[in-house]
Amino acid sequence: ADDFPGLSTVFLRIPWALLEPQEGKYNWALLDTPAQRWIAKGKRIALRLTTSENWMKYATPEWVKSAGAKGTFYQFNKGRVESSNTWDPFYDDPVYLKKLDAFLAALAKRYDGSPNVEFIDVGTYGMWGEGHTFMSSRQDSIAIQKLHIDLHLKHFKKTLLCISDDFAGHDKPGRNFPVTDYALS
C-alpha cells in the first residue's frame, strides 16, 4: 500500500465479535494496532464493523445470541437453513439492537471526531456489512437499512458516515434509490 499513488485512507473491516468477544470487554487493539502503522505515515483510517461474514459462524458475538437475540443460520448464496457454520441476527430484533446500540456507543466514544478517522461505514447490516442479505439470510428491507443508518447517526455526530452502494442493490441499474436518498438526507 505504501507504493499506491495518492493513497490517503486505509479501510479496516472487522467483525463485531472480534472487537467485543465478551459483553462490555473491548479489543480495541485489533483496530488501533494496524491503524497506527498507517497513521504514523500520515494516512487516515476508515472503519466498517460487520455483523455478518460468510467466513465465520458468529460475526455478531455469540453472546448476543445467547442473550436472546433472534436470528437464523444460512447457507451462503442459498438462504436460511436449520443449521450451518454461518449465522445472521434478525437485524431488527430488539435484543440485537440493544446490544448493538451499546457497542456503537462505545465505538463512538473512542473514535467519533478522531482526526485519524476519515469515515465510518454503516456496516452492521448485511453480508460483509454491504447492506444486503440476498446471499445470506434474505432479510433485505429498506426499513431495516434505515434503522441501521439511524443507529449510526445516533452515535456518530462528528465523523462522516457512508453506506456501500450495495445498500441500493448490487446489480440494480439507475441513479436514484430510496435508501441512498435517505442516507444523503
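This is a predicted model: local features need pLDDT of at least 70, side-chain atom pairs count only at pLDDT 80 or more; totals for chains, interfaces and linings use all residues.
Residues are numbered from 1 along each chain as its sequence is written, and side-chain values use heavy atoms, with hydrogens and water left out.

Let's start with the sheet. Helices (H or I, at least four residues) and strands (E, at least two) are DSSP runs numbered from the N terminus. Four strands make an open sheet in the order S1-S2-S6-S7, with parallel pairing; two strands pair if DSSP finds at least two bridges between them. Its edge strands, each pairing on one side only, are S1 (9-15) and S7 (161-162). S1 joins S2 (residues 44-50) through seven bridges in the parallel sense, and Val-10 stands opposite Ile-45 in S2. Lying across S1 and S2 is helix H2 (residues 29-39), which runs at about 165° to S1. For that angle, axes are lines fitted to C-alpha atoms, for helices over the stretch in contact, and angles run from 0 to 180 degrees between N-to-C directions.

Now for helix H5. Its 14 residues reach 20 Å from first C-alpha to last, close to the 20 Å expected at 1.5 Å a residue; the expected span is 1.5 Å times one less than the number of residues. Which residues of H5 are buried? They are Ile-144, Gln-145, His-148, Ile-149, Leu-151, His-152 and His-155. These residues cover an arc of only 155° around the axis, so they sit on the same side of H5; the arc is that of the directions from the helix axis to the C-beta atoms. As a reminder, an α-helix has 3.6 residues a turn, so residues three or four places apart point the same way. The buried residues of H5 pack against helix H4 (94-111), S6, S7 and helix H6 (178-184).

Gln-145 belongs to H5 (residues 142-155). Apart from neighbours within four places in sequence, Gln-145 is in contact (heavy atoms within 4.5 Å) with Tyr-125, Gly-131, Phe-167 and Val-179.

H4 has 18 residues, which should span 26 Å at 1.5 Å a residue, and its end C-alpha atoms are 25 Å apart, which agrees. Asp-93 caps the N-terminal end of H4, with a side-chain oxygen 3.0 Å from the backbone nitrogen of Val-95. After H4 comes Gly-113, whose phi is positive, near 85°.

Among the buried residues of H4 is Tyr-96, and Tyr-96 is also one of the contacts of Pro-89. Pro-89 itself is found in strand S5 (residues 87-89). Pro-89 and Pro-61 are 28 residues apart in sequence and 9.9 Å apart in space, C-alpha to C-alpha.

Two residues in the loop between S6 and H5 deserve a look. Trp-128 is in that loop and has a positive phi of about 60° although it is not a glycine.

Buried means under 20% relative accessible area, exposed over 50%, and partly exposed in between (1.4 Å probe, protein chains only).

| Residue | Relative accessible area | State |
|---|---|---|
| Gln-145 | 6% | buried |
| Pro-89 | 0% | buried |
| Trp-128 | 17% | buried |
| Arg-138 | 46% | partly exposed |

Technical notes:
A polar contact is a pair of N or O atoms within 3.5 Å; within protein, one must be able to donate a hydrogen and the other to accept it, and residues adjacent in sequence count only if both atoms are side-chain atoms.
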